[in-house]
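Let's take a friendly walk through this model, starting with confidence and then looking at a few helices.

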Amino acid sequence: MTSAALSVLMYLPPIEFFVAVSGFERLAFDPSAPYQKQTYRNRARILLANKVDTLTVPVHSGRKKMPYKDMRIDYSQKWKNVHLRGIQSGYGKAPFFEFYFPYFEEVFDKDLTFLWDMNWELLTVCLKLLGLNISLQEMENLEAVAHIDGLGGICDPKADFSARSFMTEVPYSQMFGRDFEPNLSVLDLLFCKGPESKVVLNLSKKINEQSVF
């Protein structure tokens, strides 16, 4: 039986998302679900020298309860340059930046029309670099999704976008600050730890599972 979970497609997801989904073999996403503003669907948190910064992808305002997959990215705003400069400023000197950044830059350079498509490609890159063998699929009928063999439930750690982490994270060496900043975008983990990122996720998963029992 394949273990699967219904999730929400996020922009460069927070680390706790990957802690939550590690161990699953499949993730199902509903492109027809109503888009929700001010969530991780179009936001990501990165660490800069003096602060934690939130990167936001602007989208064109649509009708109320517009399906997520129909949300168009607003390229009239120079958000892409801001995001790339911010990522380079925060992580340009990180140990694995030069190895991993080109994978993300390639997706940005496509100037994809829809937020859903960009987030899908970015998540695919993240899973590849993390070494997580998880397949992704779109499922528009939620009743059908509920009957997938092995469906594990909902994995939506930050649907309402909050800086507060809901999971325990194993601290690792970050670029700035004395105190560990939890639950940043997975970019922070990848650029700082590289191939060891999966080890951090696995340890964090183990700690959270032990705390439940």
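Residues are numbered from 1 along each chain as its sequence is written, and side-chain values use heavy atoms, with hydrogens and water left out.

The average pLDDT (the predictor's confidence in each residue, from 0 to 100) is 87 for the protein chain, and 85% of the residues score at least 70. Over residues 157–164, however, the pLDDT is below 50, although this stretch has 26 contacts (heavy atoms within 4.5 Å) in the model beyond near neighbours in sequence. Where pLDDT is low, the predicted coordinates should not be read in detail.

Now turn to helix α3 (residues 97–108) and helix α4 (residues 115–130), which pack at an angle of about 165 degrees with their axes 10 Å apart. The two are therefore roughly antiparallel, a label for angles over 145 degrees. From α3, Tyr100, Tyr103, Phe104, Val107 and Phe108 meet residues of α4 that include Met118, Leu122 and Leu129. This contact involves 10 nonpolar residues, 2 charged ones and no polar ones, with Tyr and Cys counted as nonpolar and Gly as polar.

Finally, helix α6 (residues 186–193) is largely enclosed by the rest of the structure, because 8 of its 8 residues are buried, meaning under 20% relative accessible area with a 1.4 Å probe, protein chains only. Asp188 and Lys193 are among these buried residues. After α6 comes Gly194, with a positive phi near 60 degrees.

Methods
This is a predicted model: local features need pLDDT of at least 70, side-chain atom pairs count only at pLDDT 80 or more; totals for chains, interfaces and linings use all residues. Buried means under 20% relative accessible area, exposed over 50%, partly exposed in between (1.4 Å probe, protein chains only). Helices (H or I, at least four residues) and strands (E, at least two) are DSSP runs, numbered from the N terminus. Axes are lines fitted to C-alpha atoms, for helices over the stretch in contact, and angles run from 0 to 180 degrees between N-to-C directions. Angles under 35 degrees count as roughly parallel, over 145 as roughly antiparallel, 65 to 115 as roughly perpendicular and the rest as oblique.
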